[in-house]
Amino acid sequence: MSQKTIEKDYLTMGDVVLDDKTILVRVDFNSPMDDNGNILDDRKIKSHLPTLRSLEHSRVVLMSHQGRPGDMDYTTLEAHAKLATELLGQEVTYEDDIFSSCARNAIKSLAQGEILLLENTRFNAEEITNLTLEEQAKSQMVKKLYPLFDLFINDAFSVSHRSQCSVVGFTEVLPSVAGILMDKEITGLDKALKCHEHPAIFVLGGAKANDSIKAISNILKRGGADKILTTGVVATVFMMAMGIYVGEVNRKFIEDEKYIDQISIASRLLKEYSGKIVVPEDVALNNGGERQEVKVDKIKVDLPIADIGRETIENYSQYLKEAKLCVFHGPTGIFELDKFRLGTDELLKAATQASYSVAGGGHTLDAIDQLGLESKFSHVSMGGGASITYLSGEALPGITALKNYASRSSKG
């Protein structure tokens, strides 16, 4: 057993023979797309290239999803195969099915060094269920495909918080290891999760308030943060929990997004963890496209909150610069608008000065890219929801499945 395996409770690609094997790889090629089916951001596909390049002597089959049923970007993976071909400099063949006889024959006919991308896994009804690992292993997708493979590689950290067929089903019936990207994510995030140095500061913002508030609860419960600095919609919920008048337009937004029930949870957290959760002192309102800054207890006009204010930026930045650990997830406001990106930009710059800095979430990565700060962060996670779930201390089904396999194989 390699030194790497001894240090980790899951197996990696360095622990198995890859050459001349038929290997199933779960990747995450899910990308923003325009109305014409063009991929607008190649970052997700690029992130898997190190894993794919390490499989040049294998027969490789890729599984991914794109969008959700009902969404505009719920479509085939034909464009993804073309883009992967360009980025990899090697043909990635597209198969417009998942486990039909055509798909299985295409897999059987692969030659060493060839790569095949199967159709959007979410076209299969089994994929969008949320069953246990054992139940997923009994799905038709797994039953039809697993006999064709020697190995399963999960390289899709960003979907490993979902107990779905293509993520966890194959680990029950095939030798299973983490891909290079998966291993990099776990290693980078573990340093933050297991950090015992203080102060540990989390900046949680963005629009998905329910996910962030659940994470705040978990992080504080396990004693993982000295301070949680709230921004974005998350901050609006906490302000409302404190009885601060945020204006009718912001209250209605919280209601429309179905976050009203989060207010009582935020209120309980503020009482239970007094002094740990920090709320902005001032905000920037969007007044016809212009930035209008106001103290939070002086919001009189009914305008949408679009960023944190300068005083808050200064105070939050000081926390981050002095942090031993900083975790940044979600922009502070509508950073896509130039007048309202100040908070996001300044706090990201401050975050890079922490001893160990982690950033995650799609919009956060966009902002980091635009600022050219990626190399200044200790770890930038592609994970989005998966990264914040992981950092909150919650087990991710996809990683649990890999650890279960490693445990079984060590006993065998």
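**Close-ups of a predicted model**

**View 1. The open sheet, strand by strand.** Six strands, in the order S9-S8-S7-S13-S14-S15, make up an open sheet with parallel pairing. Two strands count as paired if DSSP finds at least two bridges between them, and both helices (H or I, at least four residues) and strands (E, at least two) are DSSP runs, numbered from the N terminus. Strand S9 (277-278) and strand S15 (379-381) sit at the edges with a single partner strand each, so one side of each has no neighbour in the sheet. This is a predicted model, where local features need pLDDT of at least 70, side-chain atom pairs count only at pLDDT 80 or more, and totals for chains, interfaces and linings use all residues. Residues are numbered from 1 along each chain as its sequence is written, and side-chain values use heavy atoms, with hydrogens and water left out.

**View 2. Strand S8 and its two partners.** On one side, strand S7 (residues 200-204) runs parallel to strand S8 (residues 227-230), joined by 4 bridges. Look for Ile201, whose bridge partner in S8 is Lys227. S8 also pairs with S9 in the parallel sense, over 2 bridges, and here Ile228 stands opposite Ile277 of S9.

**View 3. Helices lying across the sheet.** Helix H14 (residues 310-321) lies across S7, S8, S9 and strand S13 (325-329), at about 145° to S8. Helix H15 (residues 342-351) lies across S7, S13 and strand S14 (356-360), at about 150° to S13. For these angles, axes are lines fitted to C-alpha atoms, for helices over the stretch in contact (heavy atoms within 4.5 Å), and angles run from 0 to 180 degrees between N-to-C directions.

**View 4. Where H11 crosses H13.** The axes of helix H11 (residues 232-241) and helix H13 (residues 260-272) come within 8 Å and cross at roughly 75°. The two are therefore roughly perpendicular (65 to 115 degrees) to each other. From H11, Val237, Phe238, Met240 and Ala241 meet Gln262, Ile263, Ala266, Ser267, Leu269 and Leu270 of H13.

View 5. Averaged over the protein chain, pLDDT (the predictor's confidence in each residue, from 0 to 100) is 95, and 98% of the residues score at least 70. Residues 1-6 stay under 50, and the model has 6 contacts for them beyond four places in sequence. Where pLDDT is low, the predicted coordinates should not be read in detail.

Technical notes
Parallel < 35°, antiparallel > 145°, perpendicular 65-115°, else oblique.
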